[in-house]
Amino acid sequence: MAWTPLVLDLLGVFFFAVSGSLLAVRRHFDVVGSLLLGTCVGLGGGILRDVLLATGVPRAFDSPVYLVPPVLAAVIVYFFAHAVQRFHDLLITFDAGGMALFSVTGTLVALDAGMNPTAAAILGVVTAVGGGVIRDVVANDVPQIFRARGLYAIPALLGAGLTSLTSSVDWYNLATGSAIAAVVFTLRMVSLRYHWGAPPAGGHHDAPHPTPTP
Amino acid sequence: MAWTPLVLDLLGVFFFAVSGSLLAVRRHFDVVGSLLLGTCVGLGGGILRDVLLATGVPRAFDSPVYLVPPVLAAVIVYFFAHAVQRFHDLLITFDAGGMALFSVTGTLVALDAGMNPTAAAILGVVTAVGGGVIRDVVANDVPQIFRARGLYAIPALLGAGLTSLTSSVDWYNLATGSAIAAVVFTLRMVSLRYHWGAPPAGGHHDAPHPTPTP
Amino acid sequence: MAWTPLVLDLLGVFFFAVSGSLLAVRRHFDVVGSLLLGTCVGLGGGILRDVLLATGVPRAFDSPVYLVPPVLAAVIVYFFAHAVQRFHDLLITFDAGGMALFSVTGTLVALDAGMNPTAAAILGVVTAVGGGVIRDVVANDVPQIFRARGLYAIPALLGAGLTSLTSSVDWYNLATGSAIAAVVFTLRMVSLRYHWGAPPAGGHHDAPHPTPTP
C-alpha cells in the first residue's frame, strides 16, 4: 500500500481504537483492557480482511506501525475521558470515522490483492464493520450494525462501492478517497441525527393495530 | 464442487439465512440487519471451514451465487414473517435444515481439499454448527449447540461421519448425501420433540437430593 | 514442534479444556456441550494463531492427539465436578495454567514459523488469551482479560516476551520454558490474591468527589 492509503488506514485504526477505549471506560475496564480492546477494534477489521484474502500474515502483524494508533488512543482516553461528558455520542462518532475510512482502504487492499470489484467491495464492508462487531460482541452488546439506529451498513456499502468504482475507472487518488470517506461519515451522522432507518426486518405487518397498553 | 453438492450447499445457505433473518425479526433489527445477519449465518460456517482449510479465498467470496440465498431469505422473511406465529420453532426448524445439509457438504469440501476422513468430518461439523454459533453470539444468545435442547452436535457428527465414510468407500452420491441430510434433520427434530438429551456436564451428582423450594 | 514443547502445549490444552468444561457445568450445559466448549477453549487460541500465521491447516486438525486432552477434561469434570465446591476459583486456576503454558508454546510456534521476535510475542499473547476469550464470548460473559480482576494480559505478555528473548539468545529449553510458565502462573494467581490491578481505563478523574448515596 502506498503511503497515502496507509495514512487513511492508520487514521481509521486510530478512530476505531478510540471507540474501543471509550467503551472500555464505560464498562469499567482497566487501562490494559482499554489498550487491548482498542487494539482489537482498530486492527480487527483489517485482520479479518487479510485472513479472508489469504495473502499470508495480516499486515498488522508485519508492520509494527499499526500498534501506534491503539497505544495513542488508550493514552488519550486515559487522560481526557474525564473531560468529555457524552461518551456515547463520542463513541458513535469515532466509530463512524473508522468505518468511513476503512470502507475505502479495506476495498483498496482487496483490489490490490487481485479481487474482482464486487468481492473487493464486500471485503471493504467486512473491513469497515468487522472491528466494530468484534468490539460489541466482546463487550457483550448486540453490534451497532444490527441495532438499526440510523444507517450503518448502507453508508459502508456506498463507500466500498464508490471506491471500487473509482478504482476501476482509474479515478482513485487521495482526494477522491478522502471525499468518499467524508461522504460516508456524513451520511452515517446525518442518518443518526434525523433517525433515518430501513424498515423493520419483518415488514410493517407485525403490529398493524397496536393494542394500547393500559 | 460438482453441481449436485452445490445445490445442497446453496439450500443449506438458504435455510441458515432464513434462521438468521427470523432472529433479526425477533430482535427488532431492520431489514438491512436482517440481510446482514442472514448472510453471516448462511455463509459463516463455510467461510470458517475454508479459512481453516487454508485453500485461499473462501468460495463464498469467489462465487457471487452464494449471495443469492441470503437475499432471498431476507425478502421472504420481510413479506411473510407476519404470517407465521411461532417464530421460535420455525427458526429451530430452518436451523436444523441448514445444519443437516452443511454436515454433508462441509465434509465433502474438506475431503475435496485433501483432508483425511477424520479431519474432514470434524471440519464438516465446524461448517454445520459454525453459522449458528455466529448467529447466536452476535445476537447475544448462548449458542443453541451448547444449550442442550434436544440433540445437536450428535446429529451433526453423525452426518459428517457418514458422509466421510460413504465417500471413502465410494458410495457417496446425491441420493446418499440427501438421505444422510434427511436422517440428520429427522434425528434433530425428533430429539427436540421427545426431549432427548445428553446427561448434564457435571454428571447427576450435583443435586442428588433436590430440596423442594417452598 | 519437538516433543518437549508438545508436552507443554498439550498440558495447556488440557488446562483450558478443564476451564471450559467447568464453565459448562456452571451454565447447565450437557456433557456434549461440555466436550465442545472444552475443545473450543483448549484448541481455540492455537487455531487462531495458526490461522494468523497462515501456515496451512491448523496443527490441531492435523494431529489427532490434540483431541485427547478435551475428551479427558470433559470426562474428569463429568465425574468429579460434584466433589469440588468452588468452581469459580477452580476455573480461574485452570485458565491461568493454560494461559501460562500457551504464552510460552504459542510464542515458540510463531518463532518456528519465521516471525520476528516482537510479532512472535504478540502471537504468543493471542494464543494465550484467545481460547479464554472464545470461552467467555460463547458463554455470554465479558472475557476475563477485560474484566480486570487481578493482572491477566501483563503476565501473558511477560511470558511471551521472555520466551521470545530466551529463544533469541538460544537459552530456551524445557527447563527455562517451564520456569517462565511457572512465573506467569504465579504472577497471575498472586495478583488475584492481592487484588493487584492496572488503573481504570478513564484515569482516576471520573469521580474525584464521589457523592455518597444516601
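Leaving aside its neighbours within four places in sequence, with which residues is C:Arg49 in contact? The structure examined here is a predicted model, in which local features need pLDDT of at least 70, side-chain atom pairs count only at pLDDT 80 or more, and totals for chains, interfaces and linings use all residues. Residues are numbered from 1 along each chain as its sequence is written, chains are lettered from A and ligands numbered from 1 in the order of writing, and side-chain values use heavy atoms, with hydrogens and water left out.

C:Arg49 is in contact (heavy atoms within 4.5 Å) with C:Arg59, C:Thr105, C:Gly106, C:Val109, C:Leu123 and C:Thr127, its neighbours within four places being set aside. The residue sits in helix H2 of chain C. Helices here are DSSP runs of H or I with at least four residues, strands are E runs of at least two, and both are numbered from the N terminus. The relative accessible area of C:Arg49 is 1%, so the residue is buried. Accessibility classes rest on a 1.4 Å probe and protein chains only: buried is under 20% relative accessible area, exposed is over 50%, and partly exposed lies in between. The side chains of C:Arg49 and C:Asp50 are joined by a polar contact of 2.9 Å. Such a contact is a pair of N or O atoms within 3.5 Å; within protein, one atom must be able to donate a hydrogen and the other to accept it, and residues adjacent in sequence count only if both atoms are side-chain atoms.

The copies were compared next. Two copies of a chain are related by a rotation about an axis and a shift along it. Chain A can be laid on chain B by a turn of 120° and a shift of 0.0 Å along the axis, with an RMSD of 0.0 Å. The two copies are therefore related as by a three-fold rotation axis. In chain A, the C-alpha nearest that axis belongs to A:Asn140, at 3.9 Å. Superposition is by least squares on the C-alpha atoms of residues with pLDDT of at least 70 in both copies. Only 11% of the interface residues of chain A are also interface residues in chain B, so the copies meet through different surfaces. Chain C can be laid on chain A with a turn of 120°, a shift of 0.0 Å along the axis and an RMSD of 0.0 Å. Here too, 11% of the contact residues of chain C recur in chain A.

Helix H2 of chain A covers residues 31–53. Its 23 residues should span 33 Å at 1.5 Å a residue, and the end C-alpha atoms are 33 Å apart, which agrees. The expected span is 1.5 Å times one less than the number of residues. H2(A) bends by about 45° at A:Gly44. The bend is the angle between axes fitted to the seven residues ending at a position and the seven starting there. Of the 23 residues in H2(A), 17 are buried. At the start of the helix, a side-chain oxygen of A:Asp30 reaches to within 3.1 Å of the backbone nitrogen of A:Val32. A:Ala54 follows H2(A) and has a positive phi, near 55°.

The unreviewed UniProt entry lists residues 6–25, 32–52, 64–83, 90–111 and 117–134 of chain A as "transmembrane region". UniProt positions follow the numbering used here, feature names are shortened, and annotations may be inferred rather than shown by experiment. Residues 32–52 of chain A are 100% helix and 0% strand, with end C-alpha atoms 29 Å apart. Residues 64–83 are 65% helix and 0% strand, and their end C-alpha atoms lie 30 Å apart.

Helix H6 of chain B (residues 117–138) has 22 residues and reaches 31 Å, close to the 32 Å expected. A kink of about 35° is centred on B:Val129. H6(B) is largely enclosed by the rest of the structure, because 18 of its 22 residues are buried. B:Asn116 caps the N-terminal end, with a side-chain oxygen 3.1 Å from the backbone nitrogen of B:Thr118. B:Asn140 follows H6(B), with a positive phi near 65°.

Most residues other than glycine have a negative phi. C:His28 has a positive phi, near 60°. C:His28 lies in the loop between helix H1 (3–26) and helix H2 (31–53) of chain C, and is exposed at 68% relative accessibility.
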